[in-house]
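Welcome! Please take a moment to look over the sequence and the 3D structure, and then we will walk through them together.

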Amino acid sequence: MDLSLSSHLILLLPLAMFLILGLTGMKMSHRLAGVLGTLGMGVTLLLAYAVAATYFFSGSSDFVDAAGLRLQYSVFDYTWLEFTDSLVIKLGFFLDPISAMMLVVITTVSFMVHLYSLGYMKGEVGFQRYYAFLSLFTFSMLGLVVATNIFQMYIFWELVGVSSYLLIGFFYTKPSAVSASKKAFIVTRFADLGFLVGILILSFYTRTFDFLTLTNSPEAVMASTGGATFMGASVLTWALVLIFMGGMGKSAMMPLHIWLPDAMEGPTPVSALIHAATMVVAGVFLVARMFPVYLQSSSALMVITVVGAATAFYAAVVACTQIDIKRVLAFSTISQIAFMMTALGVALPTIHEGMGYMASMFHLFTHAMFKALLFLGAGAIIHAVHSNNYTEMGGLRKYMPITHITFLIGCLAIAGIPPFSGFFSKDEMLTAMMNNHPFWGYWMTMVAGLTAFYMFRLYYRIFWWEENKHYAEHRPHEAPLTMTIPLIFLALVSVVAGFIPFGEYVTWNREPYEIHLDWSVAVTSIVTAVVAITIATAFYRKKNDLPDRLTRRFQWLWTAANRRFYFDELYMFITHSIIFRRVCQPIAWFDRHIIDGTMNMFASVTNRASSAIKGLQSGSVQSYVVVYLLGSLAIAAVVCVCLI
Amino acid sequence: MDYSQFLVMSQELGLIAVFLLVFLFDTFAPRKALSATAPVVCVLFALFTVVNLLLPCCCCGSCTVEPQSAFGGMYVTNQALFTIKNILNVGVLVVLIQSIKWVNGPDQIMRRGEFYELLLVTLFGMYLMMSSRHFLTFIIGLESASLPLAAMVAFEKKKYESHEAAIKYLLTALFSSAILLMGVSFVYALSGSLYFADIAASSLETCPLLVVALVFVLAGVGFKLSLVPFHLWTADVYQGAPTSVTSYLSVISKGATAIAAFIIFALAFGEFYSEVWHWMLYAIIILTITIGNLFAIRQKNMKRFLAFSSISQAGYIMLGLIACSPAGLTAMMYYILVYIFSNLAAFGVIQAIENNTGKLSMDDYNGLYKTNPMLSVTMMLAMFSLAGIPPFAGFFSKFFIFRAAVEPGTTALYVLVLIALINTIVSLYYYLLVVKAMFIKPDEPVIARFRSALSERIGMWICVAGIVILGLASCFYSDIAAAVESGFNSLL
């Protein structure tokens, strides 16, 4: 199919699905709405695969030059608003290695989630609305990754936020879901404020929003700021750090991560799609998209590295103490995304040909697959035992064999055991970090060890430990076929994805590059992972009191980690005690008395004036003519007096 | 005389052809076929509109109309004029479609041909007003755009208000014509010519006679635009006239006169006298917007309400003239285009309700959403667009006209735009009153559910599409800007 047509359809099909299901869904049966949404997504998936395959494999001179360098290509780019010659807002479809890869990731996971939800959401009130929102999300996410300019990206960025808000609050009768959706929206909006300011600063100096212009001549971007500085840092650094702030919000980097664990109030497939595989990596994608510009500012890259490394460690520690299985996965997601961020931060082109960039994108890809698998598996388990807490689980391997095996594959992948996909991508990232500075390498190896530990803790507590007594009354059952097929598919992908020669396709300068394992790093990380898994096995395979004794021994640490190091309390303190009481109350007073008072005054003046002059409109045509004549003579007189 | 120069007036000739066809049809068609008069006129006019839109592209190869003049420079045409005439054509087409049901009503049925003939003649007059470069042709255009309108206002034979409105309109129109002629004769006395270009070139001293002349010319066009203090006829006439005529008066007549005013003041009085009329216009704009708003707040009759709203809208349109630049003309044309759709959507709803239930008061609209949701949503969109709420078209038209007005960068202009902005907030209040009535107010004796006629629905759909599409697509504005850019030099 024609590339232009299929790329239009990739965006328009999900949008059309959203409109159809949103406007007429209530008149459809659940089954029809679900099947329609899934079919629409299926077609989008095929189109996206076709576009990505055309981009990577066709060898057309639009996409790859004679030297094998992959090119950036705008399939279409419509001018939407043209204010001045330089202030132009365009909407387009941008193809380059990372957007083609993201097309594949988004449509694959989205399709799997559509399919899975047919079983998982069966019989829920608002089933059609759910599918409409899923389509809206997919549309926005696709629009985000193919954006030709930073403003288009911002528009879709916000749309993604809205659809995430709608889906987290899907069970809107549940107060916790409502407050979680609000929290997610407000925190990410707050971060987006930084993003917007960053965009404005950057475009103020460069006079363009266009990614092509920005990334192809980063030196010109640097030069355009003319060496301007603000508070000791160059304005370029400020702009980039502020833009990164938007990414921190969406990708749940510390300290803006607080919304993601709560977002687990949404339906589990939504968590798999939005809060594990696609939306939360938007921040990583944003940095990757602007990477050549980021290279101009080593301070901005340093910020990214430090934020990433701190978040990765923090989230991994917290994940070790959570009881809710979705929250464990949520913190694990935060930690893994932070891994990708750190890998981008250390990806200097001088070090190992900037392989951190490639590794980060590689991990984004594999993580999307295995984390979606883990979330969907968790959904199947929650579906079976009707609880989120692993204390209500244990010994499930006999009852749910398919879920068990696929979940185990997911755990092995994330723990970095060869030959599963996570091993390869994580190994590349660790190599890149090790080459930048051994400190980052060892630090992140430690985080990888923690990852293996908490994932296997989770695995054993769900599937081994000891059988829950409730099973006698309520026997857990394996999930229906619509749910197991996505699990099996994603498990297969998680097994083989590591063997994709990723460096052939995605690198920072788009030149193909051959991946080779660095055995010293690989062995270290494998040994770390195996040791961590062994400890987890010793602790949690069979029921014993070792974990409890350890918990009691380090009570303060465990409590602190379990309460997520009091970040929520800190936010509560800042918002309630400082912002609300010290800042908002005076402003509210000012608003109520001064602003509203002024407005009321305007209103009453307007009203009085209006009734005062109503006599002018007498209804008698003679008086009209008199006013006409006197009015014009008065104007003439005034002008004469003033000018002559 | 070289008769081939008539060909320059291709648009006017086309319009006359439509007029003659309607006239012949009305006179010679068999009695039975007469019931098709209204659709025939609509189809003919739609054809005329489409041909005009496509003509430059098909005939000349390039999509722009070459600037040309005829009759010793009394008449000119160029891309900008061509575009504004096309914009007005679209508006007239909507008015024609919306009027079908009313025209086929029992009181009008014997005279429906006349209605269309009168309307087409006034449109011809407006064309001439905009294309003339000589005060004589301008006044001929103005009169032929004015006098038949009095007959149209009086069209509802059996209604007392219709007659009253027509008499008021006629008297005020005659008075203002006299004033305008007096102003023009003063100009002639001072400069010795009626050509705009000669007047501009004669660089006169600022003397009281010149000031009076400029005020009188401004008063003459201000009457048609219903600028304060020349506006007092507006509310009575809008209320008394048949709704189709009111909508025609409020958008088409106003739009054409605004452009004509721009041309006169930019061309004839542009370079040397602008400081004189600049301040007059400044004061008049403030008065117009403010007083229009203040009166609109208290209106209960929908047509009277829209009359005052259209007064304040005329004030906004005049902001384009005070800028007196290509950007000002572009913004003005765009404003007129958006205003056509927004106002005609509102009038479409009013007309549908009037035709079906005879109700015209705002209180009758209470609870309309429950029984007629589509009409309510259309009205809401129209009100949002008139008030200038994004993302609807009205927001962008206000944005562009404000931007054009502050472009020269003087403090006085910033103050003017600030006053206009405050007035938009006031206008928001009364536009939202209508929305509140339809959506929020409890319904006592609510208007029963009814299905509007096909023609009414088509008219409203066109307007809604216009409001939404113009809000989302920017290409129209840049097209108009390009047209003005290519035509402005020959204009000035």
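Among contacts in chain B between residues at least 6 apart in sequence, what percentage join residues at least 24 apart? The answer is 79%, where two residues are in contact if their C-beta atoms, placed from the backbone, lie within 7 Å. Keep in mind that this is a predicted model, in which local features need pLDDT of at least 70, side-chain atom pairs count only at pLDDT 80 or more, and totals for chains, interfaces and linings use all residues. Residues are numbered from 1 along each chain as its sequence is written, while chains are lettered from A and ligands numbered from 1 in the order in which they are written.

**Chain A as a whole**

- Chain A holds 25 helices and four strands; helices (H or I, at least four residues) and strands (E, at least two) are DSSP runs, numbered from the N terminus.
- Along the principal axes, the C-alpha atoms of chain A fill a box of roughly 100 × 65 × 55 Å.
- Of the 644 residues in chain A, 52% are buried; a residue is buried if 20 or more other C-beta atoms lie within 10 Å of its own, exposed if 12 or fewer, and partly exposed in between, with C-beta atoms placed from the backbone.
- For contacts in chain A with a separation of 6 or more, 79% come from residues 24 or more positions apart.

- Strand 1 (residues 73-82) and strand 2 (residues 88-95) of chain A run antiparallel and are joined by eight bridges; two strands pair if DSSP finds at least two bridges between them.
- These two strands of chain A form a hairpin, with five residues between them.
- To find one bridge yourself, look for Leu81(A), whose partner in strand 2 of chain A is Ile89(A).
- Helix 11 (residues 268-277) of chain A is mostly covered, with 10 of its 10 residues buried.
- Those buried residues of helix 11 of chain A pack against several helices of chain A, including helix 3 (97-120), helix 4 (127-145) and helix 16 (355-385).

**Chain B as a whole**

- Chain B has 19 helices and two strands.
- Its radius of gyration is 22 Å, close to the 23 Å that the globule rule gives for 492 residues, so chain B is as compact as a globular protein of that length.
- The C-alpha trace of chain B spans about 65 × 55 × 45 Å along its principal axes.
- Buried residues account for 55% of the 492 residues in chain B.

**Two helices packing in chain B**

- Helix 13 (residues 326-357) and helix 18 (residues 454-472) of chain B pack at an angle of about 145 degrees, with axes 8 Å apart; axes are lines fitted to C-alpha atoms, for helices over the stretch in contact, and angles run from 0 to 180 degrees between N-to-C directions.
- Among the residues making this contact are Phe341(B) and Gly348(B) of helix 13 of chain B and Gly459(B) and Cys463(B) of helix 18 of chain B.

**Where the chains meet**

- The contact between the chains takes 23 residues from chain A and 30 residues from chain B.
- On the side of chain B that touches chain A, helix 11 of chain B gives the largest share, eight residues.

Terms used: The radius of gyration is taken over C-alpha atoms; the globule rule is 2.2 Å times the number of residues to the power 0.38.
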